[in-house]
Amino acid sequence: MNQYQYDAYDQQIVEERARQFAGQVERRVSGEMTENEFKPVRLQNGLYMQLHAYMFRIAVPYGVLNSRQLRKLGYLARTYDRGYGHLTTRQNVQFNWPKLEDIPRALEHLAEVQMHAVQTSGNCIRNVTSDPFAGVAPDELEDPRPYCEILRQWSTFHPEFAFLPRKFKIAVTGTPGHDRAAIRYHDIGVRIVNNEAGERGFEIWAGGGLGRTPVIGKPIRKFIEYEHLLSYCEAILRVYNLYGRRDNKFKARIKILVNELGTEPFRLAVEAEWALIKDSALKLTRAEYERVAQHFQPPPYEKLAAAPGAGGALLAAELGRDRDYARWLQRNVLPHKVPGYKTVVLTAKDKDTPPGDISDTQFDAVADLADRYSFGRAVVMHTQNLVLTDVKESDLRDLHQRLVELDLATPNHGLLTDQICCPGLDYCALANARSIPISLELNRRFDDLDYLNDVGPCSIKISGCINACGHHHIANIGILGINKHGAEAYQLTLGGNDSDSASIGRILGPSFDEHGIVDAVAQVIETYLALRLSDDETFLECYRRLGDKPFKAAVYKDATPRDDDSEQAVA
Amino acid sequence: MRVIKDRKIVDDAWVLLAPDAPVPEAGDVIVHLEQWNTGRESFSGRAGKIGVLLKSHESPEQIQALAQLPLIAIDFPSFTDGRGYSSARLLRERHAYRGELRAVGDVLRDQLFYMERCGLDSFALKAGKDIEGALSAFQDFSVTYQAAADDQRPLFRRVNR
């Protein structure tokens with residue numbers, strides 16, 4: 001096993017939830033419940049009203065799916081949607097076109113495969129996210145998934161924290177040297193670490209977040225032992241629930257509380273609360289940890305000899321013969337902690353499809369591939385891709401063939417066209433501008449794979465409004481849609497980073513129209529290529545060395561000076 | 001007025017007074033926190049019980065002589081204001097309050113399960129709502145994961161999983 005399997009208690013809870021929600025939908029349809037009363041209830045069940053229809057968001061705890069669940073998602077896409085679903089930045093899956101009256105039935109289907117839509121929206125604790133390569137990354141200190149699952153159970157229908165001032169997101173990484181879960185941009189970020197005495201425990205960050213006011217979290221506790229994870233989180237949540245602002249929804253996230261109180265007073269308030277509950281029954285037991293952890297035991301790997309030089313030699317052997325395959329090996333195939341195995345990213349980023357969209361047939365096919373090549377498991381990445389975590393090196397060529405047929409083999413993992421993109425004005429009632437067409441236009445502009453590889457690692461993230469669902473603040477190149485005098489316009493931010501050396505992107509200058517923004521990105525990239533010290537200096541490193549200036553000069557060289565509208569983005 | 005108390009519908013005579021309204025000579029009344037803290041000496045000897053209203057920005061530590069109160073009403077100005085859940089747990093678990101803990105204000109069926117878990121045991125449902133129908137909300141779930149006022153043990157300490 002390498003996924004948590006429900007016992008009778010877990011199963012009972014999701015089935016009772018499906019029944020509860022069916023009753024709530026009935027009372028809403030009959031008019032007994034007003035829309036105002038129904039709204040928070042449906043949100044906490046993943047039903048969000050978009051521009052044209054309800055969006056239905058299904059929880060995928062820390063992104064982990066098995067093949068039965070993948071097939072069920074394919075079935076739901078076919079039966080209740082228009083044949084596709086969407087991978088989200090919280091490692092969830094959402095559908096854009098379901099009907100309200102179908103949801104109770106869909107929930108029953110989900111409960112059959114140990115899934116649900118609990119707390120995927122609303123002002124509550126959301127799906128706990130983690131490193132998509134948890135359990136297989138060679139640089140990992142410890143598998144974070146057992147702790148994610150323990151947090152999932154603690155946060156599911158927590159009676160005290162169902163009506164927080166605002167949404168609340170937790171991420172856990174088990175690789176302190178390389179954060180792939182963006183823990184610094186979460187309300188609580190948890191890092192598994194060793195302390196100076198060499199003991200294993202957690203470092204706790206709090207008060208990070210994106211949205212209108214992007215904030216990098218603060219480390220508020222250098223070390224706690226494993227048994228205090230729940231009590232420490234409960235203390236943070238209680239302080240937030242009692243003292244977080246409720247007068248203005250745009251100032252209600254914990255990041256604002258931490259900023260207004262100051263990090264140190266906030267930390268002291270948490271510590272004071274924690275001191276009173278740390279020795280309560282919330283203390284995690286070794287038995288409970290082990291009960292959960294045994295679900296994440298490594299699958300039955302074969303004893304294999306690693307291909308000599310791991311990826312390198314494999315790649316060299318292929319480069320001359322099959323360029324497509326070689327490029328894919330180079331970009332989408334990642335190291336694995338077990339010799340002879342690799343981790344494979346399935347990019348949902350082909351050039352004609354909105355980033356992160358997966359069709360019903362792709363769900364089914366990925367399920368088959370997971371069964372055949374990866375112990376029946378796949379993972380949703382927060383970058384809106386899928387991963388097969390445990391593929392034998394000897395299977396890579398066959399797998400590549402199948403992925404090419406499925407349009408899931410674009411060799412662009414971590415490159416310019418591997419974008420995060422919010423649904424934008426095509427779907428979302430909050431958006432000021434469309435984001436998907438910008439993404440597709442960028443794909444057309446950057447369709448030369450040699451060029452993309454030459455540019456190297458560089459993230460582009462696109463949000464259609466200042467709520468920042470597309471994470472543009474933490475992209476190396478961020479694009480923000482705004483409404484400028486009634487027309488869609490786009491701002492460019494540079495220099496954001498979502499990992500260990502966290503930074504928030506800065507607005508380069510005045511906004512562009514939908515064609516201008518794509519030209520501007522191209523000019524930024526050209527400038528980088530001209531100015532980088534060597535092929536090894538990444539875009540982010542180059543930007544940090546040089547600052548805005550050369551990029552500004554290149555992008556605005558033909559522009560006549562005019563009013564800077566940059567303040568709109570931080571309003 | 002009919003309220004839910006210990007999962008049953010009962011007739012109830014508690015009257016919530018406006019802030020600073022004079023406290024009548026007799027009858028069971030719920031007064032605001034300030035009134036209780038400043039005037040509680042003067043209430044002894046009147047016929048009828050006194051309870052206190054705790055607004056969502058007020059905290060349990062502010063209530064003086066807590067143990068003397070037969071009832072504390074926790075105000076939910078809107079059902080989406082979740083501060084009352086923490087206040088209820090603190091009253092039960094930290095201040096060992098054993099009297100009646102009543103939810104008042106925007107109290108709706110769909111929140112009763114959570115409220116009861118946090119230690120509230122009586123519920124003045126919002127006017128116009130189906131009080132009989134609301135009783136079934138306590139059975140929404142038969143399993144819970146967390147420690148709360150109703151059980152100090154999380155599921156992993158309650159059962160052998």
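A residue is termed buried if 20 or more other C-beta atoms lie within 10 Å of its own, exposed if 12 or fewer do, and partly exposed in between, with the C-beta atoms placed from the backbone. The structure is a predicted model, in which local features need pLDDT of at least 70 and side-chain atom pairs count only at pLDDT 80 or more, whereas totals for chains, interfaces and linings use all residues. Residues are numbered from 1 along each chain as its sequence is written, and chains are lettered from A and ligands numbered from 1 in the order in which they are written.

By these criteria His485(A) counts as exposed, because it has 6 C-beta neighbours inside 10 Å. His485(A) lies in the loop between β18 and β19 of chain A, where helices (H or I, at least four residues) and strands (E, at least two) are DSSP runs numbered from the N terminus. The phi angle of His485(A) is near 50°, a positive value in a residue other than glycine.

Helix α14 (residues 436-445) of chain A has as its buried residues Ile436(A), Ile438(A), Ser439(A), Leu442(A) and Asn443(A). Seen down the axis of α14(A), these residues fall within an arc of 160°, so they line one face of the helix; the arc is that of the directions from the helix axis to the C-beta atoms. The buried residues of α14(A) pack against β16 (420-421), β17 (460-463), β18 (477-484) and β19 (487-494), and also against helix α16 (514-531), of chain A; here and below, two residues are in contact if their C-beta atoms, placed from the backbone, lie within 7 Å.

At the level of domains, whose bounds come from an automatic or database domain assignment, chain A is divided into domain 1 (8-112), domain 2 (129-293), domain 3 (311-405) and domain 4 (420-570). The side of domain 2 of chain A that touches domain 3 of chain A has 6 nonpolar, 2 polar and no charged residues, with Ala, Val, Leu, Ile, Met, Phe, Trp, Tyr, Cys and Pro counted as nonpolar, Asp, Glu, Lys and Arg as charged, and the others, Gly among them, as polar. In this contact, 8 residues of domain 2 of chain A meet 10 residues of domain 3 of chain A, and the centres of these two domains, taken over C-alpha atoms, are separated by 32 Å.

Between the chains, the contact takes 32 residues from chain A and 30 residues from chain B. On the side of chain A that touches chain B, the elements giving two or more residues are α1 (8-29), α2 (35-43), α5 (145-155), α6 (229-243) and α9 (286-293) of chain A. The most is given by α1(A), with 6 residues. By class, this side of chain A divides into 14 nonpolar, 9 polar and 9 charged residues.

In chain B, strand β5 (residues 50-54) is mostly covered, with 5 of its 5 residues buried. Both faces of β5(B) are covered, with Ile50(B), Val52(B) and Leu54(B) buried on one side and Gly51(B) and Leu53(B) on the other. Strand β4 (residues 29-32) of chain B pairs with β5(B) in the parallel sense over 4 bridges, in which Val29(B) has Ile50(B) as its bridge partner and Ile30(B) stands opposite Gly51(B). β5(B) also pairs in the parallel sense, over 3 bridges, with strand β6 (residues 71-76) of chain B, and here Leu53(B) stands opposite Ala73(B). β4(B) in turn pairs in the parallel sense with strand β3 (residues 15-16) of chain B over 2 bridges, Leu16(B) having Ile30(B) as its bridge partner.

Elsewhere in chain B, Ala96(B) is found in the loop between α2 (83-94) and β7 (100-105). Ala96(B) has a positive phi of about 50° although it is not a glycine, and it counts as exposed, with 9 C-beta neighbours inside 10 Å.

How values were computed: Two strands pair if DSSP finds at least two bridges between them.
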